[in-house]
Amino acid sequence: MTEEWNDLVRERMRKADEVRRRGENPYPNDQRVGWTTADAKRAAEGKEGEDLAKEEIRVDIAGRVVAARHFGKAAFLVIADRSGRLQAYLTQDRIGEEGYNRFRETTDIGDIVWVEGPLFHTRTGELTVQAENFRLLTKSLRPLPEKWHGLSDVETRYRQRYVDLIVNEGSREVFLRRSQIISFLRNFLTSRDFLEVETPMMQPVAGGATARPFVTHHNTLDMDLFLRIAPELYLKRLLVGGVERVFEINRNFRNEGISTQHNPEFTMLEFYQAYATYEDFMDLTETMLSSLAFSLFGKTAVSVQGETIDFAPPWDRMTVAGAVARFGNVPEERLSDPGFLREMARGLGLPVKEDVPAGALLTALYEEVAEPKIKGPAFVTEYPIEVSPLSRASDSRPHVVDRFELIVRGKEIANAFSELNDPREQRRRFEEQLRARERGDEEAHAMDEDFLRALEYGMPPAAGEGIGIDRLVMLFTDSPSIRDVILFPQLRKEG
């Protein structure tokens, strides 16, 4: 922090003290506001200068001063509120000499103010409030970033999101769109008779996904708990209980790496439907996301980082093995040979243990040579059973499961499958996961006896799906990093 910057802060503190010396509070909380800037613009829409003057539409708005131009005994301010920006014109003859001097001597860019008066058009045609009353509502002690450079340091933008939202209109638009996306998904499902629920975020068993959890401790119960890595097993318990269509928009926590695609705290949509299959969910997902694109843009084609992604159905479909054969340029029939898989993996520099199952090797190859090259939207199916401990095995090909992942621009956006509801087979899968954990796989699924007990009461045949909200928002806001779409992403400590 430079000495010059400290001088600016001290000067603003002096101005706040000056407001108090004049008998006023620089942080009052008794001012009611009747209009937004958008309300004012709508009231003046279509009215020429003379008509606007005759109607004398009086408005009062409040917001942050984001720009100011001073001309002796007059000044133009640009005031920003939640709905947009509007210019205000302050003159000494309208608000009085004392009021104007108070404004000039104590108000800075960044302050939050209230103005009241009639609307008019300037000579250049800009809609403006002719301020007849003015009040300081919040004195800002820190200056905003310089107008033309804004917050140029990316980490500062993430760490000080409150400043980023003030000075970067594009950032505000991202989070407005994020809210619109979540609202659309919620309405899409509730209109199809899905029930929204909330399930525990602290769980005695970290289940529903293969990931490393965060661990906490409950003092009264004297037991360790895990921040959930997925809500899946609780939502399936609700299927057992007769809630046949259910969803949750949830926060998950995974104690893993941080990158442009990963944040340890993230948002998922998970939904489950009894008497449905993963193939039904392919159709539903196509309808959901193509409709979402159309609701946001009026078309299904979306520009993402210089590429056009068209969400109009039908989408491409390919198997895991087919994708490896296609993008790895190898014969698909050889991908059923464990020896060939090991040889191919070693050739690509992937770590290979002798006891790693063939299905896990095939999946690793897919993630290395195929997934990053899939433009999509595309459904990738027939995942090996070894990497899908909660999915139903295919009736015709029992070494793979009835599952798909939705891939767009080389990234997983959604994961879905027909659910495994055979309790004895689920126990066998959990036991295999325990053996994988003993071999050193820290992300292997834990045994959940209560979930097995629920399955023993009978879960209807069903399909389930999880959609990564953050990655979806990245697509529909053309954002290159997950940190751009999370209001307060996880960062290292300052200093």
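The following legends describe an overview and several close-up views of a predicted model.

**Figure 1. Overview of the chain.** The predicted chain contains 16 helices and 19 strands.

**Figure 1. Overview of the whole chain.** The predicted chain contains 16 helices and 19 strands. Of the 495 residues in the chain, 48% are buried. Among contacts with a separation of 6 or more, 65% are between residues 24 or more positions apart.

**Figure 2. Packing of helix H8 against helix H16.** Helix H8 spans residues 169–190 and helix H16 spans residues 469–477. The two axes lie 10 Å apart and form an angle of about 120°, which means that H8 is oblique to H16. The crossing of the two helices is right-handed. On the H8 side, the contact is made by Val174, Arg177, Arg178, Ile181, Ile182 and Leu185. These residues meet Ile469, Asp470, Leu472, Val473, Phe476 and Thr477 of H16. Eight residues of this contact are nonpolar, one is polar and three are charged.

**Figure 3. An edge-to-face pair of phenylalanine rings.** The whole structure holds 15 aromatic pairs. In the pair formed by phenylalanine 71 and phenylalanine 76, the ring centres are 6.1 Å apart and the planes meet at 85°, so the arrangement is edge-to-face. Phenylalanine 71 has a relative accessibility of 47% and therefore counts as partly exposed. Phenylalanine 76, at 16%, counts as buried.

Figure 4. A pair of aromatic rings is described by the distance of the centres and the angle of the planes. For phenylalanine 311 and phenylalanine 476 these values are 5.2 Å and 40°, and the pair is tilted. Phenylalanine 311 lies in the loop between strand E14 (307–310) and strand E15 (316–319), whereas phenylalanine 476 belongs to helix H16, so the pair ties together parts that are 165 residues apart in sequence. Phenylalanine 311 is buried, with a relative accessible area of 1%, and phenylalanine 476 is buried at 1% as well. Both rings belong to one aromatic cluster, which also includes Phe297, Trp315, Phe379 and Phe404.

**Figure 5. The surroundings of arginine 228.** Arginine 228 is located in the loop between strand E10 (223–227) and helix H9 (232–240). With a relative accessible area of 2%, arginine 228 is buried. Leaving aside residues up to four places away in sequence, arginine 228 touches Thr199, Pro200, Met201, Gln203, Glu248, Asn250, Arg251, Asn252 and Phe253.

**Figure 6. Two cis peptide bonds.** The peptide bond from proline 313 to proline 314 is cis, with omega near -5°. Proline 314 sits in the loop between E14 and E15. Another cis bond joins glycine 376 and proline 377, where omega is about 0°. Proline 377 is found in the loop between helix H13 (358–370) and strand E16 (378–381).

**Figure 7. Two aspartates with positive phi.** Most residues other than glycine have a negative phi. Aspartate 193, however, has a positive phi of about 75°. Aspartate 193 lies in the loop between H8 and strand E7 (195–196) and, at 63% relative accessibility, counts as exposed. Aspartate 222 also has a positive phi, near 50°. Its place is the loop between strand E9 (215–218) and E10. Aspartate 222 is exposed, with a relative accessible area of 59%.

Methods:
Residues numbered from 1 in each chain as written. Predicted model: local features only at pLDDT ≥ 70, side-chain atom pairs only at ≥ 80, totals over all residues. Heavy atoms only, no water. Axes fitted to C-alpha atoms, helices over the stretch in contact; angles between N-to-C directions. Helix = DSSP H or I, 4+ residues; strand = E, 2+ residues; numbered from the N terminus. Parallel < 35°, antiparallel > 145°, perpendicular 65-115°, else oblique. Left-handed = near helix turned anticlockwise from the far one by under 90°. Contact = heavy atoms within 4.5 Å. Nonpolar A, V, L, I, M, F, W, Y, C, P; charged D, E, K, R; others polar. Phe/Tyr/Trp six-rings, centres within 6.5 Å; stacked < 30°, edge-to-face > 60°. Buried < 20%, exposed > 50% of the residue type's maximum accessible area, 1.4 Å probe, protein only.
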